[in-house]
Amino acid sequence: MTDLFTVINPATAQPVTDVREATLADADAAIEAAHAAFPAWKALPPGERAALLRRFASVVDAHIDELAELEVRNAGHTWGNARWEAGNVRDCLNYYAGAPERLFGRQIPVAGGIDVTFYEPLGVVGIIVPWNFPMPIAGWGFAPALAAGNTVVLKPAELTPLTAIRLGELALEAGLPEHVLTIVAGKGSVVGERFVTHPLVRKVCFTGSTEVGKRIMAGCADQVKRVTLELGGKSANIVFADADIAAAAASAPYAVFDNAGQDCCARSRILVERSAYDEFLSHLEPAVTALRVLDPGDESSEMGPLISAQQQASVRGYLDGVDVAFAGSAPDGPGFWVPPSVVTVDDPAERIWREEVFGPVVAVMPFDDEADAVAKANDTEYGLSGSIFTNDLGRGLRVARAVEAGNLSVNSHSSVRYWTPFGGYKQSGLGRELGPDAPQSFSELKNVYFAH
Ligand code: NAD
């Protein structure tokens, strides 16, 4: 039996198209076909695999606007973000196209012969993608996995399958052999679970909620299956009084309200040194109210809707009974809108300070000194990213080393570059994606000794 899933435009709540959801049998067939395609893909000379990935990158490049338009309609992303996201897939493919010819092992001195190490591909890799950044997160998985010689089955989120399906078609157009990259759109409980339980899937690369990530990790334990987890976050933006307070306040909304706050790296907690607290809030308010929250079909929109009615209800639930200090605007027509909202918090036990809201809500709290800032920033089960604003270089370095998070930036909010490693501490994840070592995390390290 097959089901149709209706994809909705979150800015208008109108249907976009119907997508056929894969069944368990479809998932099994895709995994078995990927397994059958693996030996030839693995055996391809490194330069040929590299050339195919470069060709895939140039086909993506020729379809940037088409892919972006799909994401504007399917996920409510702004045009600027959506074009960047499609370009990120292209760039990631180009970057990892350099890997097949550089995935070298080592020669280690031994007595009586030589010892060499090899990076061998794993086989079929299952990639499970969430709805918040459908294109980049897919590319961060499939580009290094394919470069390392694996075949890939990829499951997009139920709500946002369109760009992944199109990328699968573009891979074939670029000349990747059939079943080397297969998109299997379907339910997490069916297709995603099957990636975990099917013995031919040798690694699961999961991005999504911490709750589902824990289940995936437990499921993978049964077969000692390799797993990478990129999970939730509650990242802190720490602003010291010696920083340029006006500049820090002007940039803060973009660090949390980008993608309507549906960003695992969102700086959803702002910690401000007490002596600069009022000044910071006085600059933050106009920056928040000036945000252009519009239908993302409008090229000037800076923030779009939430992904679904369910996500809208969940975010509104966090605001129920909470005093909102100030908020921006949002369209009041159809669509899943929540205005960007700022809440001041005194008690670190408050739910809005502790839980990942995954919407356009930021909580602000004062701190007393450097030690207090670090203690408050680390008082969370999460540890994905964070920012530090200070004009004291030593302090910037000390605090960046002390915050327990995988991705920190000093005097900026940048966090994800495809050529630098990305991942979380604590319950924000396990393992790292991106950066120069990603192909190794889709490989087994083999040691071979030759006696002479
Ligand atoms: P989710 O965990 O509900 O779903 C993520 C994916 O897992 C979807 O494709 C879903 O279909 C699938 N899935 C659901 N149940 C499954 C199961 N039992 N077995 C296998 N797969 C299953 O998360 P979401 O709501 O789509 O995404 C939001 C979450 O993702 C947030 O918590 C966010 O912080 C996190 N996220 C993390 C990162 C990161 O890199 N750390 C990046 C983006 C999003």
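How far from an oxygen atom of the ligand does a polar side-chain atom of Trp-131 lie? The gap comes out at 3.0 Å, inside the cut-off for a polar contact (a pair of N or O atoms within 3.5 Å). With Val-129, a backbone N or O atom lies 2.7 Å from an oxygen of the ligand.

This is a predicted model, where local features need pLDDT of at least 70 and side-chain atom pairs pLDDT 80 or more, while totals for chains, interfaces and linings use all residues. Numbering runs from 1 along each chain as its sequence is written, and side-chain values use heavy atoms, leaving out hydrogens and water.

Around the ligand there are 28 residues (a heavy atom within 4 Å), and Val-129, Glu-158, Ser-209, Leu-231 and Glu-356 come nearest. Domain 1 (4–231 + 428–451) and domain 2 (236–417) both give residues to this shell, so the ligand lies between them; the bounds come from an automatic or database domain assignment.

Notes. Polar contact = N/O pair within 3.5 Å; in protein donor to acceptor, adjacent residues only side chain to side chain.
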